[in-house]
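I opened the model today to go through it step by step. These are my entries, in the order I looked things up.

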Amino acid sequence: MNSHNAYSYVSPRRKIPDRSLTLVSSRAQRGICFFFFLYLLYLPCASAAPGRAECNSIPSKILSRPVPYCVLLPASFDADKTRRFPVLYFLHGLGDNEQSFLRTGAWNLVEDLREKGRLKDFLIATPAGEASFYINSRDGKVRYEDFLLQEFFPFIERRYRARPGRANRAISGISMGGYGAFHLAFAHPQLFSSVSAHSAALIEKLPAFLSGNGGVPASGRSRLLGSVFGLPPDPAFWERNSPLALARTALLSGMKIYFDCGSEDDFGFEAGAAALDKILTSRKIPHEFHLYPGRHDWSYFASHVEASLSFHSALFP
């Protein structure tokens, strides 16, 4: 592999170097900074060797460019060079990048949970998804799903000593990343043993969503979808890729599913989450779904990300 701006962070308690990142809003940025300020204030001193994060990029022939990524490695990864690990792919939301897990303080949470014996040792891989929704675009110019399946997943599992097999592979995401996690898990159920999402961008009826009903105007909702689904968005293409449509027919036997959403989600994604719950329930597919008080912001995500981490950890062999 050709290295491209490779660097490692040795301790999650240290400040993460700056990299261009645009959060959803300044309000969201203030909210998450305040949340993790409180978290760090009461964080106990580390008593065990810390893990590290390795950030690099993979040259992609499919996308014709290098794609940045980060991998969070437990301390045991360096301590035992023969050991292999399960891997959780974590997909960021719109406006974030591959470093979102580092910059928001979620890595501190992971390390703290491990010190307390509440998380197993597994890898967390976070690719830069930009505004792709983690699928192949309608015009075929950005084949991001192909990149993940054919290049990124095999690369991560080869380079970072991942354990082989479905039982050792899980996927999760926030907002746009939640859409991507569900899409990939439902479209390729042979690859993943479990899937989770927080405030996934699930839309039951695209025309109603684009009409602008709710707290975000029509222009903002259209910008959320970007050019991935066509300009204007193509309802037929949306339906083919929608996790809700896939959930109706996907072979989900043995897949473990967790998701939650804020009851006052700014984009109305709670309705899509409820629709997914209804579909899975009608098919008698076991799953865990929660509707919690909260909006579509980082204060909500930060309050619930531990649930999905613990969910996957408990399921890994």
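Entry 1, confidence. pLDDT is the predictor's confidence in each residue, on a scale from 0 to 100. I needed that because this is a predicted model. I looked up the mean for the protein and found 87, with 81% of the residues at 70 or more. Where pLDDT is low, the predicted coordinates should not be read in detail. I left both stretches there.

I looked up the secondary structure and got 12 helices and nine strands. The protein has 317 residues, and 56% of them are buried. For contacts with a separation of 6 or more, I found that 78% are between residues 24 or more positions apart.

I asked which residues have the most contacts inside the largest nonpolar core. They are Ile156, Phe182, Phe186 and Ile257, in a core of 67 residues. A second, separate core has 24 residues, including Cys70, Phe101, Leu109 and Val305. I went back to Ile257 and listed what it touches, leaving out residues up to four places away in sequence. Among them are Phe182, Phe186, Val195, Leu252, Leu280 and Phe311. The list for Ile257 also has Ile285, Pro286, His287 and Glu288.

I checked residues 106–115, which form α4. Nine of the 10 residues are buried, so the helix is largely enclosed by the rest of the structure. The buried ones include Trp107, Asn108, Glu111, Asp112 and Arg114. Leu109, which I had noted in the second core, is also buried in α4. Gly117 follows the helix, and I read a positive phi there, near 75°.

His304 is buried, and so is Val305; Val305 belongs to the second core. Phe311, a contact of Ile257, is another of the buried residues of α12.

Technical notes. Residues numbered from 1 in each chain as written. Predicted model: local features only at pLDDT ≥ 70, side-chain atom pairs only at ≥ 80, totals over all residues. Heavy atoms only, no water. Buried < 20%, exposed > 50% of the residue type's maximum accessible area, 1.4 Å probe, protein only. Helix = DSSP H or I, 4+ residues; strand = E, 2+ residues; numbered from the N terminus. Contact = heavy atoms within 4.5 Å. Core = buried A, V, L, I, M, F, W, Y, C linked by side-chain atoms within 4.5 Å.
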